[in-house]
Amino acid sequence: MSLIPKAELHLHIEGTLEPELAFTLAERNGVELPYAGTEDLRRAYLFSDLQSFLDLYYGLMAVLHTADDFTELADAYLARAAAQGVRHAEIFFDPQAHTERGVPVGTVVEGLAHALDRAEERHGVSTRLIMCFLRDRSAESAMATLEAAKPYLHHITGVGLDSAEVGHPPSKFREVYAAAESLGLRKVAHAGEEGPPGYVREALDVLGVERIDHGLRSMEDPELVERLVREQVPLTLCPLSNVRLRAVDTLEEHPLRAMMGAGLLVTVNSDDPAYFGGYVGDTFHAVREALGLTQEQLRELARNSFRAAFLDQDEARRER
Ligand code: HPA
Ligand code: ZN
């Protein structure tokens with residue numbers, strides 16, 4: 001495991017729901033899960049693509065009901081992340097996955113914020129919260145979500161875009177990103193995970209994002225790579241996720257090394273660590289072993305994570 005101080009920039013808080021906590025919350029909230037126990041649930045973590053993961057991931061969220069549940073979830077992540085060298089975490093959440101089940105956005109945000117507000121003191125981790133729109137829902141639903149989140153924007157740094165990518169190009173969310181920008185929110189989006197390089201271009205040109213989450217398939221388009229290098233657009237890679245969701249066959253074949261070699265500003269992150277076999281320190285260790293990265297290359301990845309973070313320069317220097 002790697003204890004190099006680092007920032008984690010691509011982390012879905014709902015993807016940190018470990019089987020043990022899922023069963024504890026299920027019992028507390030009277031939710032019946034279709035699994036005999038934690039081992040049975042873990043056995044279901046054999047994914048064939050992004051959608052097969054998302055089906056299980058959204059299903060398990062049924063156990064999250066109260067603000068306390070969200071606080072407990074976030075606090076458990078922060079403790080684990082801190083133990084693996086994370087000093088700063090920019091945390092995604094999926095409000096629509098909760099509001100659609102009748103859990104108000106305020107319950108989710110205030111529950112998460114309660115843990116995040118104490119994270120410096122309890123775990124030595126500074127935090128930001130990024131609200132993601134589900135791209136397989138309508139643009140109107142995203143706009144309504146932004147509207148519903150307005151009373152809570154003091155807790156929220158930015159907006160992102162996640163869920164099933166293919167068939168849901170970034171341009172579908174042009175208006176909602178413009179509205180988010182006018183509210184002073186930072187902008188990121190998942191692109192080029194399963195979707196084509198053109199989605200990465202759209203995220204930059206139509207949505208005006210500052211970072212690309214994943215961006216893996218950019219490598220199919222040399223002109224796009226050249227631009228990403230020139231503009232030093234950060235790509236938040238998640239190598240263990242790419243293996244588990246079959247975007248790459250094995251970790252040994254992951255293009256991380258080639259991407260670093262090409263001069264791209266890449267960072268390494270855990271995405272949904274409860275499901276993909278490791279938190280970010282474990283991920284650093286795994287890529288070191290599989291790709292033969294040197295200690296200096298791991299340090300470069302850690303430096304990149306602070307460069308790409310939504311911290312001002314003084315804050316970033318202190319974190320390192
Ligand atoms: N991609 C898209 N949506 C997601 C992911 C991901 O890797 N993780 C959680 N929601
Ligand atoms: Zn993701």
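Which residues are around ligand 1? I looked this up first, and found H12, G15, L50, D162, S163, H190, E193, S241, D271 and D272, where a residue is near a molecule if its C-beta atom, placed from the backbone, lies within 6 Å of it.

I noted that this is a predicted model, in which local features need pLDDT of at least 70 and side-chain atom pairs count only at pLDDT 80 or more, while totals for chains, interfaces and linings use all residues. Residues are numbered from 1 along each chain as its sequence is written, and chains are lettered from A and ligands numbered from 1 in the order in which they are written.

I then sorted the shell around ligand 1 and counted one nonpolar, five polar and four charged residues, with Ala, Val, Leu, Ile, Met, Phe, Trp, Tyr, Cys and Pro as nonpolar, Asp, Glu, Lys and Arg as charged, and the others, Gly among them, as polar.

Next I turned to D272, which an unreviewed UniProt entry annotates as "binding site"; such annotations may be inferred rather than shown by experiment. I placed D272 in the loop between β8 (266–268) and α14 (273–276), strands being DSSP runs of E with at least two residues and helices runs of H or I with at least four. D272 counts as buried because it has 23 C-beta neighbours inside 10 Å, the cut-offs being 20 or more for buried, 12 or fewer for exposed, and partly exposed in between. Leaving aside neighbours within four places in sequence, I found D272 in contact (C-beta atoms, placed from the backbone, within 7 Å) with H12, G15, Y57 and S241.

Note on methods: Two residues are in contact if their C-beta atoms, placed from the backbone, lie within 7 Å.
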